[in-house]
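Q: I am new to this structure and would like to learn how to read it. Could you walk me through a few features?

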Amino acid sequence: MAITSAHFDQVKQLVAACSGIHLAPGMEGYVEARIEELAHVLKLKSSIEFFRQLEKNLIADVGFLLSEIVANKETSFFRDGHPFDALRQQVIPELMTQRAAEMKLTIWSAGCSTGQEPYSAALLLRQHFPALSGWAVEIHGADIAEDVLAVAQSGNYTQADINRGMPAPLLLKNFQKTGSNWQLKDEIRQLVQFRQVNLAEPWPELPKMDIIFLRYVLSYLTPEASQDILKKVAGLLRPDGYLFLGSKETVSGLDDLFSEEQINKAVCYRLKSAKPKWSVADDDW
Ligand SMILES: C[S@@+](CC[C@H](N)C(=O)[O-])C[C@H]1O[C@@H](n2cnc3c(N)ncnc32)[C@H](O)[C@@H]1O
């Protein structure tokens, strides 16, 4: 069955209203395939049956179910490299100086998918900042989709996941082979707390964050949802904190709140009041 434009529009509206995810023209085939999957999960015969039930209002939380299934969940360890270089070279050393008295560091991966992003941060801290072992380090991961959070919580990755960005020395030190998969050791896994959060809805109570990763989430959202989320991010970020977006993602329209800062090859955002003062060399892992 080819999805009708009326059905595509209906799904598009339900998804945007629930999660802010934007389904652009041209995504009809993708949406249709995801709805076939959802129909299967809901034990319906086909997507035709799904739309019949939808017309009769028989599917509870349908906007949420559709959002979970259509969301792009692409991720990898140490994705793009540069933001993690920036963490190691400038951001963490600077925050360790700023937070020396309270000895507390808080990181949030908003839209964390299967966990590679927050675990990359955890691995980086363990590998390069042993002095943080005496600190209260909190790393939080949040996503709308239950299936990715289950993988994230398990810390169990396929060889294909590992091949995407995990440096061999970190793999050998921090993972155990389990069958054909790799299991992240508990000492790293326990550094990250995951929870289900719909960023487009009011957020649960969260601590103020020193670093927020909101990478490759906004690209898939409507401009209105992006702006709302960025405003809430501004409220959650500590005044001297750092925000990382995906490459090509910007805080467009909210230049009154955020200023752009370049750290070697990485771009990050600071609250307008923050004053950058570090400059460091570009070296390797
Ligand atoms: C493309 S992945 C990016 C993962 C990771 N940040 C990275 O850069 O590798 C985007 C993630 O954002 C999540 N997401 C999309 N809309 C969301 C929303 N409204 N609330 C919470 N998570 C959302 C998706 O489920 C998906 O796992």
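A: Gladly! Let us start with a term: buried means under 20% relative accessible area, exposed over 50%, and partly exposed in between (1.4 Å probe, protein chains only). This is a predicted model, where local features need pLDDT of at least 70, side-chain atom pairs count only at pLDDT 80 or more, and totals for chains, interfaces and linings use all residues. Residues are numbered from 1 along each chain as its sequence is written, and side-chain values use heavy atoms, leaving out hydrogens and water.

Q: Are Phe77 and Tyr157 buried or exposed?
A: Both Phe77 and Tyr157 are buried.

Q: How many aromatic pairs are there?
A: A pair of aromatic rings is described by the distance of the centres and the angle of the planes. Rings of Phe, Tyr and Trp (its six-membered ring) pair if their centres lie within 6.5 Å; planes under 30 degrees apart count as stacked, over 60 as edge-to-face and the rest as tilted. The whole structure holds nine aromatic pairs. In one of them, the ring centres of Phe77 and Tyr157 are 5.1 Å apart and the planes stand at 75°, so this pair is edge-to-face.

Q: Which residues form one aromatic cluster with Phe77 and Tyr157?
A: Tyr119, Phe175 and Phe194 form one cluster with them.

Q: Where does the charged end of Arg79 sit?
A: A charge sits over a ring if NZ of Lys or CZ of Arg is within 6 Å of the ring centre and within 35 degrees of the ring normal. The charged end of Arg79 is over the ring of Tyr216, 3.8 Å from its centre. Likewise, Arg34 has its charged end over the ring of Tyr30, 4.8 Å from the centre.
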